[in-house]
Amino acid sequence: QAKARGRNGYRLYAPSMAGEGVERLRLEALLRRAIEQHEIWLAYQPQVDIESGRLTGVEALVRWNSAELGQVPPARFIPLAEETGFIDQLGAWVLNEACRQMVRWERAGLRVPKMAVNLSGRQFDRGGVAPLVGRALAETGLAPQRLQLEMTESVIMNTGDALQYINDLHGLGVQLAIDDFGTGYSSLAYLQQLPVQTLKIDRSFIKDLAADGASQNAIAIAIIQLGKSMDLSVIAEGVETEEQAAFLLRHGCRRAQGYLYGKPVAAAQLLAQWGVGARRGKGGAAPAQPAV
Ligand code: C2E
Ligand code: MG
Ligand code: MG
Ligand code: MG
C-alpha cells in the first residue's frame, strides 16, 4: 500500500493502483508454486438430511495456506487463477484430490455418499472438462454417480456451448448441481433442457429466512417449489440456525449444508466427526474416532 510519506509529488500518481498491480503479480507468482509447495489443500463441508441428520455428501472447498501470505481466501485466488489460466491446473488437482479422498475415507470406514466439486467457468470454456473428469474417475475408481459437479448459473449462461459440455459430463454418469441458485439469470426454459439433478439455494436467501408469512421467505419457497415441479433435488446452503433448518423442512427442502451441521474441515477431521463411533450432532457422547 502506498504511503503518504513520499517526499515529492510521486504519491499523486495513483500509487494504490500501481501497488495493486505489484501485489497481483506477487500473488500470481506465489499461487503458481502453491500446489508443488503443498500449500493447497481441500476442506470438506458436510451436507446432511435435515430430518435424520445423516450425512448425504460433502462439498470440497479449496484452501490456500501460503507460507508468505497466510490463509488466502478462495474469493481472492480463484478469480486470479481464472484470469491467468492457472485454474486448469488447480481445477485438475482439486478434482483428483477430491476423488482420491473418497477412496481414502472408505478405507478408513467412512462411506461418504457423494462428493461435490466446484467447477469454474474457465474450466468449462474449452471443452476439456469432461475428459478431465473422466480421467479423475478412472484413476481413482470412484463411481461416477458419487461425484457431483457444481456450476453457477452465470457460468452456465455465459459459456457458449455450455449445453454441449454439460451433456458430455452427464454422459460420464456424474451428477450436476446448479450452485448459488437464484442469484443469476437462468432462463427456466433453458434450465429445463439441462441434465441437472440438484439446485443449491444460495446462502443469501437462507440468511434472511424469517417467521412464516414474512416476505423475505418468498424466494427460498419459490426455489423449493420449482425444484419439486421439475423433479430436482434441492439443497440449502449457509444454514446456520435450527430455525432455518426447521423452516426448510416445513417447506419441503430436506437437505442442507452450513455451519449448523459443520464448517469446512480437513479430511481427517471430517472422519473424526462422521466416521464410525464419532460423536454425532450436539448431544452425542461416544468418543471421536482417531484421525488417519
Ligand atoms: P460456494 O461453492 O457457494 O461455497 C460455499 C461457501 O459458503 C464456502 O465459502 C463455505 O465455506 C461458505 N459457507 C458454508 N456454510 C456457511 C454458513 O453456514 N455460513 C457462512 N457464512 N458461510 C458458509 P468458501 O470456502 O470461502 O468458498 C467460496 C467460493 O469459492 C465457493 O462458493 C466457490 O464458488 C469457490 N470455490 C471454493 N473451492 C473451489 C474450487 O475448488 N474450485 C472452484 N472453481 N471454486 C471454488
Ligand atoms: Mg459450491
Ligand atoms: Mg454455493
Ligand atoms: Mg454461494
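**Close-up views of a predicted model**

View 1. Asp-179 and Glu-237 are both buried.

**View 2. The magnesium ion (ligand 2) and its donors.** Here the coordinating atoms come from Glu-59 (OE), Asn-118 (OD1), Glu-150 (OE) and Asp-179 (OD), at 2.0 to 2.2 Å. Laid out along the sequence, these donor residues read E-x58-N-x31-E-x28-D. Asn-118 sits in strand 4 (residues 115-118) and Asp-179 in strand 6, so the pair ties together parts that are 61 residues apart in sequence. How accessible is Asn-118? At 28% relative accessibility, Asn-118 counts as partly exposed, while Asp-179, at 7%, counts as buried.

**View 3. Asp-179 between the two ions.** Zoom in on Asp-179 and you'll find it bridging the magnesium ion (ligand 2) and the magnesium ion (ligand 3). The two ions are 3.7 Å apart.

**View 4. Helix 3 against helix 5.** Helix 3 (residues 87-107) packs on helix 5 (residues 129-140) at an angle of about 30 degrees, and their axes are 9 Å apart. Angles under 35 degrees count as roughly parallel, and the two helices are therefore roughly parallel to each other. The crossing of helix 3 past helix 5 is right-handed. On the helix 3 side, look for Ala-92, Leu-95, Asn-96, Cys-99, Arg-100 and Val-103; they meet Leu-132, Val-133, Ala-136, Glu-139 and Thr-140 of helix 5. Sorted by class, this contact has seven nonpolar, two polar and two charged residues.

View 5. You'll find Ile-156 in helix 6 (residues 153-158). Is Ile-156 buried or exposed? Its relative accessible area is 4%, and buried means under 20%, so Ile-156 is buried. Setting aside neighbours within four places in sequence, Ile-156 is in contact with Met-151, Ala-162, Ile-166, Ile-178, Tyr-190 and Leu-194. As for Glu-28, 128 residues from Ile-156 along the chain, the C-alpha atoms of the two are separated by 26 Å.

Conventions:
Residues numbered from 1 in each chain as written. Chains lettered and ligands numbered in written order. Predicted model: local features only at pLDDT ≥ 70, side-chain atom pairs only at ≥ 80, totals over all residues. Heavy atoms only, no water. Donors = N, O, S within 2.8 Å, 3.2 Å for Na, K, Ca; no water. Buried < 20%, exposed > 50% of the residue type's maximum accessible area, 1.4 Å probe, protein only. Axes fitted to C-alpha atoms, helices over the stretch in contact; angles between N-to-C directions. Helix = DSSP H or I, 4+ residues; strand = E, 2+ residues; numbered from the N terminus. Parallel < 35°, antiparallel > 145°, perpendicular 65-115°, else oblique. Left-handed = near helix turned anticlockwise from the far one by under 90°. Contact = heavy atoms within 4.5 Å. Nonpolar A, V, L, I, M, F, W, Y, C, P; charged D, E, K, R; others polar.
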